[in-house]
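Please look at the sequence and the structure shown here, and then follow the charged side chains with the text below.

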Amino acid sequence: MSALRAVKTLFSLFTVLPVNADSNDVYELSRKFWLLPLIGAFFGFIAGSMLLILNNVFPPLVSSTIVLATLHGTNRFLHIDGLIDFGDGVITVGSKDDKIRAMKDVRAGTGGIIHAILFTLLVVTSLSSLPFYLLFLAPFATEVLSRNSMVACAAIGKPRDEGIGSIFVKNTKYKSLILSTILSTALIYTAGYLTGIFNIFSNVEFVIIFLLLIFSSCLAGIVMAEIAMKNFECVTGDVLGATNEIARSVILLMILVVVECLKLMQL
């Protein structure tokens, strides 16, 4: 029952769906933050299905832009807002308190806007560069693993004294990262099996590719936590949101690198 409450809270906090959750539900989710890849699977299914369909109608760049806009809208622009706030805080010169004030400022600054533009361009161009056989699986895996990055960031970082994000950081331990990674593995392997990816890649190739992606996912979360600790001495909700957006770019780029390497090996 507690797991169902946590899943319900995932949809309440991270989507526009009209799902109600109270403070007890939020606390329950904070103790089971490793379930976050489930909401990634929800967004991944949307992204992969849309990209597969839209690429039959529009040029890849247009399709990718529509997909990313849909993801942001369904997420209430929560994570991209975190990326903008994170960018503002990181480029601010001054003390930790100065950086946190900049991050919490409701006005978007130059650093935040540039961060949003650069990582949006990276995601759109990466999605538009995917081969046909990965049009569903790559966005699905990316959304799942970017949430795994958020869990890694929360597990490594230290909480702030206030804010809803601090609850998740405080209650997320290394065990949560292990469980999140296992859950991500199960979700992506299942999606790979159902989409027939093993007709293209052998089991060994798929495992190697997946290990690289998992490594990239965890590394992105750890690096984000270290950057946050250096600049703010804590990991906030904005940092977690920024982690999702930056990890999405990192994972998609890694997928493209792997695809190109496999092409070279087949020559």
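Lys96 is partly exposed, with a relative accessible area of 31%, where buried stands for under 20% relative accessible area, exposed for over 50% and partly exposed for what lies in between (1.4 Å probe, protein chains only). This is a predicted model, in which local features need pLDDT of at least 70 and side-chain atom pairs count only at pLDDT 80 or more, while totals for chains, interfaces and linings use all residues. Residues are numbered from 1 along each chain as its sequence is written, and side-chain values use heavy atoms, with hydrogens and water left out.

Lys96 takes part in a salt bridge with Glu233, at 3.9 Å from N to O, the term meaning a side-chain nitrogen of Lys or Arg within 4 Å of a carboxyl oxygen of Asp or Glu. This pair joins distant parts of the chain, 137 residues apart, since Lys96 belongs to helix H6 (residues 96-104) and Glu233 to the loop between helix H11 (203-232) and helix H12 (237-266); helices are DSSP runs (H or I, at least four residues), numbered from the N terminus. Lys96 also forms a salt bridge with Asp97, with the closest N and O atoms 4.0 Å apart, and Asp97 is partly exposed at 42% relative accessibility.

Another salt bridge is that of Arg5 with Asp25, whose closest N and O atoms are 2.9 Å apart. It too links distant parts of the chain, from Arg5 in helix H1 (residues 2-14) to Asp25 in helix H2 (residues 23-31), 20 residues apart. Arg5 is partly exposed at 29% relative accessible area, whereas Asp25 is buried at 4%.

In total the structure holds twelve salt bridges, and a network of them links Glu143, Arg147, Glu245 and Arg248.

Key: Helices (H or I, at least four residues) and strands (E, at least two) are DSSP runs, numbered from the N terminus.
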